[in-house]
Amino acid sequence: MSADTEQTALSLPRGAQAPRGIGAVPTDQLRQMLRDHFIKPGEELPGAVFLTEVTAPGRSTRRADAVHIATWASRGGGEIDVCEIKTQRADWLREMRDPGKAEAWWPHSSRFWLVVPNTGVARPEELPPGWGLLVPRKSARRFQTVVEPAVRTPEVTPALLVTLLTCTETVRANALRRQANALGDQHREQLRKARQEAGPALDPGVQQRLRLLSVLEKALGGRLVPGTPWGDAVSTEQAAEVLAAFARPHLEQERARRRAAYLVEALSTHEGELAAALKLLRDGLGVTETP
């Protein structure tokens, strides 16, 4: 198909109805919407399995974008819906050039669906024989069936069972891995917060400072607060002025007392040595010690 033909195909035929469905959405979002169509969100026992990117049984390399398997008899137990998802018109036009792509999955499906966000991506008259067409509704979980698919009994072969079981196990393992990663991240975040909150309480230096602050507040007769004080509180500025005016001379006097006491202690330690040295000096000078 030429570029001109593709461009023409993107336009609606004259007199055609407006596209049915919703606006453009990413493939991942449409896939999640399709899952919600088949399996109601939050159901603990949905009675179905929804798989993505499933390789066809046997030696084929063809992959189905999504496979829904009903497991409860009340919900069509044993039926298999195989879905091809397209979100771009250009991708669908390329798909039309290879109509045999679905053959690998066709015998193993009860229904084969094309899933698009709207009929502007794929028109009903363009579908190969037997394909169904699903588009999302604007305000409902369940999709709208634009074209009914052919229905058949799927061929359940050992190769199909191996494929589905393998994919199911992969999905389960990936889900457990994501859950483990999420729990690990949650644990690490809780541990970080706990360490952050407990850090000051665990630091001996901070504990000592808090005790000193408590003693200071008790002496000042109020709790230290930043800014303008209220009630019995004392501002840090006020405390600083009080300490500068009254505490500094006392502190200087106390420091001088400690220096003098240290000097006396040092002299006392060497008192015997000083007395002996003084006696030698007097004897050498012939000076008699005054009684």
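**Cavity lining**

I sorted the lining of the largest cavity by class and got six nonpolar, no polar and five charged residues. For the classes I used Ala, Val, Leu, Ile, Met, Phe, Trp, Tyr, Cys and Pro as nonpolar, Asp, Glu, Lys and Arg as charged, and the others, Gly among them, as polar. The lining itself reads R62, R63, A64, V82, C83, E84, E95, K101, A102, W105 and F112. A cavity here is a set of points, on a 1 Å grid over the protein atoms alone, where a 1.4 Å probe fits but cannot get out, and lining residues have an atom within 4 Å of a point.

This is a predicted model, so I kept in mind that local features need pLDDT of at least 70, that side-chain atom pairs count only at pLDDT 80 or more, and that totals for chains, interfaces and linings use all residues. Numbering runs from 1 along each chain as its sequence is written, and side-chain values use heavy atoms, with hydrogens and water left out.

How many cavities of 30 Å³ or more are there? I found one. The largest cavity has a volume of about 70 Å³, where volume is the space filled by probe spheres set on grid points joined across faces, edges and corners. β2 (63–70) and β3 (80–85) each put at least two residues into the lining, and β3 gives the most, with three. Helices (H or I, at least four residues) and strands (E, at least two) are DSSP runs, numbered from the N terminus.

**Whole chain**

I noted seven helices and eight strands in the protein chain. Of its 291 residues, 28% are buried; buried means under 20% relative accessible area, exposed over 50%, partly exposed in between (1.4 Å probe, protein chains only). I also looked at contacts (heavy atoms within 4.5 Å). Among those between residues at least 6 apart in sequence, 53% join residues at least 24 apart.

**T87**

T87 sits in the loop between β3 and α3 (89–96). Buried or exposed? T87 is buried, because its relative accessible area is 11%. Leaving aside neighbours within four places in sequence, I listed V25, P26, T27, L30, P117 and V121 as its contacts. With T27 there is a side-chain to side-chain polar contact at 3.3 Å. My cut-off for that is a pair of N or O atoms within 3.5 Å; within protein, one must be able to donate a hydrogen and the other to accept it, and residues adjacent in sequence count only if both atoms are side-chain atoms. V121 is 34 residues away along the chain, yet the C-alpha atoms of T87 and V121 are 6.7 Å apart.

**E126 and β5**

E126 lies in the loop between β4 (111–115) and β5 (132–135). I had E126 down as buried, because its relative accessibility is 18%. Not counting residues up to four places away in sequence, E126 touches R89, W92 and M96. Its side chain makes a polar contact with the W92 side chain at 2.9 Å.

Next I checked β5. Strands pair if DSSP finds at least two bridges between them. β4 and β5 run parallel with three bridges, and V115 stands opposite L134. β5 and β6 (residues 144–147) run antiparallel, also with three bridges, and L133 has V147 as its bridge partner. Side chains alternate between the two faces of the sheet in a regular strand. Both faces of β5 are covered, with G132 and L134 buried on one side and L133 and V135 on the other.

**E53**

Last, I looked at E53, in strand β1 (residues 48–55). E53 has a positive phi of about 50° although it is not a glycine. I logged E53 as partly exposed, because its relative accessibility is 35%.

Terms used: On a 1 Å grid over the protein atoms alone, a cavity is a set of points where a 1.4 Å probe fits but cannot get out, and a pocket is an open set with protein on both sides within 12 Å along at least five of seven lines; lining residues have an atom within 4 Å of a point.
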